[in-house]
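Visitor: I have a model open on my screen and would like to learn how to read the contact between its chains. Could you walk me through it?

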Amino acid sequence: MSRKKNLLGMLLVVPGVLFVVFFMLVPLFSLCLTSFFPQQSFSFSSYWGLFKDVYFQQVFMRSMRLSLLSTFVCALLGFPTAYYISKHSKHKGMMMAFAVFPMFTSPVIRSFSWMVILGKRGIVNNFLVAIGLFAKPQSLLYNEFSMTVGFVQLFLPQMILSLIGVMDNIPDDLTLAAGNLGAGRLRSFFEVVFPLSVSGLVTGSVLVFTGCMTAYTTPQLLGGADTRVLSTMVYQYAMSLRDWTQASVVAVVMIVVTMLVSSVFNTVSKKVNPIA
Amino acid sequence: MALLELSGITAGYDKNIILKDFNLSVEKGEFVSLLGSSGCGKTTCLRLIAGFSEPMAGTMTFDGKDYTHVPLHKRNFGFVFQSYALFPHLTVFDNVAFGLKMRKMDKETIRKEVMHMLEVVDLKGFENRFPREMSGGQRQRVALARALVIKPDLLMFDEPLSNLDAKLRVKMRVEIRRLQQELGFTAIYVTHDQEECFAISDKVAIMNKGVIEQMDTPSEIYNRPKTEFIARFVGFENFFDLERTGECTFKTKHGVTIRTEKDHAASATLKGCIRPGDVTVAPAGADLPNAISGKVMVSTFLGQHNQLNVATDIGEFVVSCDQTQVFPVGETVTLSLAANKIILID
Ligand SMILES: Nc1ncnc2c1ncn2[C@@H]1O[C@H](COP(=O)(O)OP(=O)(O)OP(=O)(O)O)[C@@H](O)[C@H]1O
Ligand SMILES: [Mg+2]
């Protein structure tokens, strides 16, 4: 009986495992191989070459900066929103729908709408000029600012959803208990709600960070020629320059960095909430 | 003046009124239990006192001061949640220390107080565990320690023992009572368990549909219920209408004379009631005081004794009789109501 069950369980897992092995692990492995075999023999030379390249350093730093900043802004905006929706909203379903609504439109469309909004004749510029802050329209597009705006809007729903997920599991009795023991609202938020939400914050941050690092359309459409990031760089190497080795080196760097940053997030969360 | 006084409280959720013109007063050092059927508003009442919600009308005074709108974190009341509500991310030590930390005590004092309280609840050596690594009974004691260590002016318990097995329940309730007498705190205790409530309290308040029907000492409640609801609650099953004919003498609507030993009622028409165990069953025609004749309808074996349902002129009686007595269904019998066990309800 239990053996039969085991067999059945294994059969159910097989398609998924095969899919992951053939379409993810194998390509990933060959990607790594490519990056270490610039010529016929094994060598780190492509890596050294890349790391010493000032242009790459700039792009790398920009990617990190934009991704971290966007993650931070998403956390800052997402936390209160999620807290409100989870704990204080009377119309939770509707609020959730609003929060995730942007996910139903493609990143391309969303980037285009930002181009309209932030353009020289967009409402933001019109407004800034109208209130007399600037004499003539500013260029708000094709720079790190517009990219951050695009990233935040693109990934905020992920952050909010992850946070709501954990906040819904914090019993109201815990905040009441904290209050009963003498903690004011702010205090009980920081002593109870925040530490217990950290796991959601980490999940959300990993999603947002990874998303920002790997997003292609948004930086391509909202960034300019001098604001290249790692993902657009990979595209450039692979498609424009046909340099597959270099492209795979950058790709491997992206994977490693994403994994490192995720594990840093996790370590920090363990400090705040040891049982998470 | 009583320590805690609720007067004319109306409370509920949205449009749903649960407590209506609710009154309660608790003396300093008293252990009061709230007893009542599920959904009658016990938790609502406790949460109101704790300040988790505000009443729609009415006032609450504590120690002579108006507490109706005092925010919960300024009340210095302890609360033991039914779910324990321990902070899962904090160790046992930090859970217990939480209230003291909020009171900005210095580290050394906190450590001393917490360790002392953990000793009181017999949890020494557990201070570095997390709540999820503890058993239900241990968690309950942590919750108790956490509420006690702040030396609350009033301690509330919302069915704190309902998640425990019967044996541990008895042990913990003795423990709670011992701590209360030792530390002298005032307590309000909510429970479903009648035995638990009688064993632990100085006073019992029985709630029905959002009001307290009677609040008295356990023995008073048990022996002298004031309303039919209370009487049913504490095990009276036989009720009958009576008409007064004199001091301690009454007559049923079929003219049978009933004498009671004590007369603590005032009305001319009233209700009598008696527990199944206080009715003697005898063969038809037996010459007994307060005799009523009836016919056995159902006989149920209950281990210690048999339970008979007997149809009489004044309603159906539930009585219990000895195993040795055999009264087959359909037989006519005489019931004798013990004069000192009949309770009169106005
Ligand atoms: N959050 C809520 N929103 C709306 N109605 C509620 C809420 N909590 C309780 N009620 C209703 O209020 C009434 C009283 O609830 P309360 O929790 O005070 O009962 P209780 O006496 O504690 O019952 P129990 O013994 O089952 O715990 C119930 O009819 C319940 O349905
Ligand atoms: Mg309740």
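Guide: Happy to! Let's start with who takes part: chain B brings 23 residues to the contact, and chain A brings 19 residues. Do keep in mind that this is a predicted model.

Visitor: Which residues of chain B lose the most area to chain A?

Guide: Look for His73(B), His89(B) and Met102(B). Together they account for 30% of what the chain B side buries.

Visitor: Next, charges. How many salt bridges are counted between chain B and chain A?

Guide: The count is 1. Arg47(B) pairs with Asp173(A), and their closest N and O atoms are 3.5 Å apart.

Visitor: Which elements of chain B give two or more residues to the side that touches chain A?

Guide: Those are β6 and α2 (92–102) of chain B. The one that gives the most is α2(B), with 4 residues. Sorted by class, this side of chain B has 13 nonpolar, 5 polar and 5 charged residues.

Visitor: What about enclosed spaces? How many cavities of 30 Å³ or more does a search of the whole structure find?

Guide: The search finds 1. The largest cavity has a volume of about 30 Å³.

Visitor: Which residues line the largest cavity?

Guide: From chain A, the lining takes Ala177(A), Asn180(A) and Leu181(A). From chain B come Gly78(B), Phe79(B), Phe81(B), Arg146(B) and Ala147(B). In terms of elements, α8 (172–180) of chain A and both β6 (77–80) and α4 (136–148) of chain B each supply at least two residues of this lining.

Visitor: How does that lining divide by class?

Guide: You will find 5 nonpolar, 2 polar and 1 charged residues there. To tie things together on your screen, find β6 of chain B: it gives two or more residues to the side that touches chain A, and it also supplies at least two residues of the cavity lining.

Key. Residues are numbered from 1 along each chain as its sequence is written. Chains are lettered from A and ligands numbered from 1 in the order in which they are written. This is a predicted model: local features need pLDDT of at least 70, side-chain atom pairs count only at pLDDT 80 or more; totals for chains, interfaces and linings use all residues. Side-chain values use heavy atoms; hydrogens and water are left out. On a 1 Å grid over the protein atoms alone, a cavity is a set of points where a 1.4 Å probe fits but cannot get out, and a pocket is an open set with protein on both sides within 12 Å along at least five of seven lines; lining residues have an atom within 4 Å of a point. Grid points are joined across faces, edges and corners, and a volume is the space filled by probe spheres set on the points. Ala, Val, Leu, Ile, Met, Phe, Trp, Tyr, Cys and Pro count as nonpolar, Asp, Glu, Lys and Arg as charged, and the others, Gly among them, as polar. Contact means heavy atoms within 4.5 Å. Buried area is the accessible area (1.4 Å probe) that two parts lose on being put together, summed over both. A salt bridge is a side-chain nitrogen of Lys or Arg within 4 Å of a carboxyl oxygen of Asp or Glu.
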